[in-house]
Structure formats: C-alpha cells, structure tokens
Amino acid sequence: MAVAMASAANCGVYFSSNTNKLNFPVFDFKNHSWSAAFVTTPPNILEKRSVRLSFSMMGIIPRATSAATAVESDGSFQDTDTVPTPKVIIDQDSNPDATVVEITFGDRLGALLDTMNALKNLGLNVSKANVYLDSSGKHNKFAITKASTGRKVEDPELLEAIRLTIINNLLEYHPESSSQLAMGATFGVEPPKEKVDVDIATHIRVDDDGPDRSLLHVETADRPGLLVDLVKIITDINITVESGEFDTEGLLAKAKFHVSYKGKAIIRPLQQVLANSLRYFLRRPTTEEASF
C-alpha cells in the first residue's frame with residue numbers, strides 16, 4: 001500500500017448481476033484509465049457505489065450444504081448457541097514482499113481451500129503461511145502476491161476485493177457467521193440483531209510515528225467498499241498512505257494507516273482537517289441507507 005496506492009489503480013471492482021450457483025453476487029473486473037484513482041474523483045463513483053449496494057442485485061445465500069461445509073470446516077467445533085466473532089485482517093506492514101491475510105472464526109475453520117481458490121481467481125498467488133491456536137481460536141494466515149508481478153498487493157480496489165471475497169466465503173460456508181458480520185445484513189441468511197450506531201462506533205485518532213510519518217487509527221461500522229473509500233478520502237487532501245492494516249472484526253472495521261504529508265509527519269492543523277473529513281464521510285448515509 002505504498003505511494004502507488006494513490007497513483008495508478010486501473011482496476012475497478014463491482015458486484016455484478018451475474019451470480020454463481022448459490023445465487024451469490026460475483027466480482028467483475030473492469031478496466032478504467034484513471035490516472036490518479038484516489039487523488040481525483042473517478043467517473044461515476046456514486047453510480048458504482050449504488051450498484052454495489054443495490055438490493056436488486058443481491059442474492060440471499062442459502063444455508064451451506066453439509067458437503068460444502070466439509071471443505072471449509074474441519075468439523076472440530078461443537079454446535080452451540082455461542083457464535084464466535086469473525087475476524088479478517090489485511091496486513092501490509094509485517095511482510096515487505098507479500099500482503100498477509102489472517103482469518104479467525106473461533107475453532108470452526110478448516111483448510112479454507114475454497115477461499116484460497118476464490119482468491120486465486122482474482123489473479124493472486126496464495127500460499128498458506130502458518131496456522132496457530134490461542135484463546136480466541138484458530139488463526140489461518142496466508143501470504144498473497146499478485147500473480148502478474150509476484151509482488152504484494154498495493155491497489156486498494158484489489159485489497160477490498162480480497163476482503164469481500166473472504167467475507168463472502170465465510171457467509172457461504174458458515175452461514176452462522178451472518179448475524180456477526182455487517183455484510184450479513186445484505187448477503188447473509190440472518191442479519192445482525194443490532195445495528196451499529198455510526199456516531200457512537202466511529203473513533204479517529206492520529207499519533208506521532210517518527211519525524212517522517214504519522215499513524216492514523218480509524219474505527220467505524222463496517223460496510224462494503226470501506227477500505228477504498230477511506231484511502232480516497234485521505235489522498236483527496238494530498239496525504240500519502242504508505243502502508244497499514246485493515247481489520248474486519250464482526251460488525252466493526254478497524255484501520256491503521258501510516259500516513260505522511262510531503263514526506264513528513266502530519267502537523268496538528270492538518271490532523272484536524274483529516275479527522276473532520278473522515279468523520280463527515282463516515283457519518284453520511286450510504287446509498288443503501290438513503291434509499292429508505
């Protein structure tokens with residue numbers, strides 16, 4: 001997620017009206033000639049967002065069959081009333097050569113072969129980095145690079161596609177996760193029981209991170225396209241996103257971005273401008289909410 005993030009993103013990600021055998025929205029990649037995808041407003045961005053959130057194109061995922069679940073689950077968990085909180089971490093900091101993805105859903109995840117194959121269909125090389133257990137469950141880590149270049153993923157559009165692909169597979173193979181994920185309201189069999197209040201859930205903080213950059217923390221209600229939108233808001237005020245981490249934790253999204261302005265840490269007045277811009281955007285109704 002280096003400076004290239006703000007300079008040459010030529011790939012848009014959309015939910016298509018085409019569906020797979022489970023009547024689930026699929027990704028279409030469409031080329032654009034945006035010279036600076038996150039510095040200037042791309043053409044028809046509102047139309048694209050409305051397509052992504054339109055209910056007319058969203059299929060409801062049927063409950064996964066036992067055969068499908070067997071692929072993505074190792075069958076080691078007991079079916080209880082307590083559903084763990086799903087977590088998806090996109091880490092651009094820990095490995096200079098690859099994007100590291102970590103997926104946790106208690107002890108319910110198996111080898112995730114279908115998820116790996118779905119990511120490969122995005123034009124990615126996916127290798128299993130490691131698996132470890134702790135009190136929160138089984139953590140599955142993958143190292144991801146672009147198949148065309150062998151390098152880590154730096155395009156925010158593609159990073160968001162990775163995130164949504166993983167969440168889509170969680171909802172398909174583990175429908176019980178639907179009530180624990182913000183995307184369950186649109187794609188799942190059961191929406192979350194409580195809706196997150198964006199005003200209460202949104203927290204923004206900028207910390208010093210040395211003389212040459214600052215560390216931006218954003219926590220807010222999750223929604224499709226959020227990673228791309230955050231990067232665009234930041235770069236629209238000429239702040240560079242160097243690297244970072246984007247976590248989906250149940251109904252919330254938590255981001256940490258290393259940012260700078262003209263190669264230096266962000267001064268206090270600009271920090272306030274950045275925080276205000278993000279708050280204004282995040283508290284604005286989405287296309288989906290505005291339609292009601």
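Analyst: The side chain of T99 reaches the backbone nitrogen of V153 at 3.1 Å. The T99 side chain also makes a polar contact with the side chain of Q92, at 2.6 Å. A polar contact is a pair of N or O atoms within 3.5 Å; within protein, one must be able to donate a hydrogen and the other to accept it, and residues adjacent in sequence count only if both atoms are side-chain atoms. This is a predicted model: local features need pLDDT of at least 70, side-chain atom pairs count only at pLDDT 80 or more, and totals for chains, interfaces and linings use all residues. Residues are numbered from 1 along each chain as its sequence is written, and side-chain values use heavy atoms, with hydrogens and water left out.

T99 is found in strand β4, residues 99–104. Strands (E, at least two residues) and helices (H or I, at least four) are DSSP runs, numbered from the N terminus. T99 is buried, at a relative accessible area of 0%. Buried means under 20%, exposed over 50%, partly exposed in between, with a 1.4 Å probe and protein chains only. Leaving out residues up to four places away in sequence, T99 touches I90, D91, Q92, F142, A143, I144, K152, V153 and L159. Contact means heavy atoms within 4.5 Å.

Next, helix α4, residues 156–173. At its start, a side-chain oxygen of D155 reaches to within 3.0 Å of the backbone nitrogen of E157. α4 has 18 residues and spans 26 Å from first C-alpha to last, close to the 26 Å expected at 1.5 Å a residue. The expected span is 1.5 Å times one less than the number of residues. Of the 18 residues in α4, 18 are buried.

α4 packs with helix α3 (residues 113–120) at about 145 degrees, axes 10 Å apart. Axes are lines fitted to C-alpha atoms, for helices over the stretch in contact; angles run from 0 to 180 degrees between N-to-C directions. On the α3 side, D114, T115, A118 and L119 make the contact; on the α4 side, I162, T165, I166, N169 and Y173 do.

The loop between β4 and α3 holds L112. L112 is not a glycine, yet has a positive phi of about 60 degrees. Most residues other than glycine have a negative phi. L112 counts as buried, at 3% relative accessibility.
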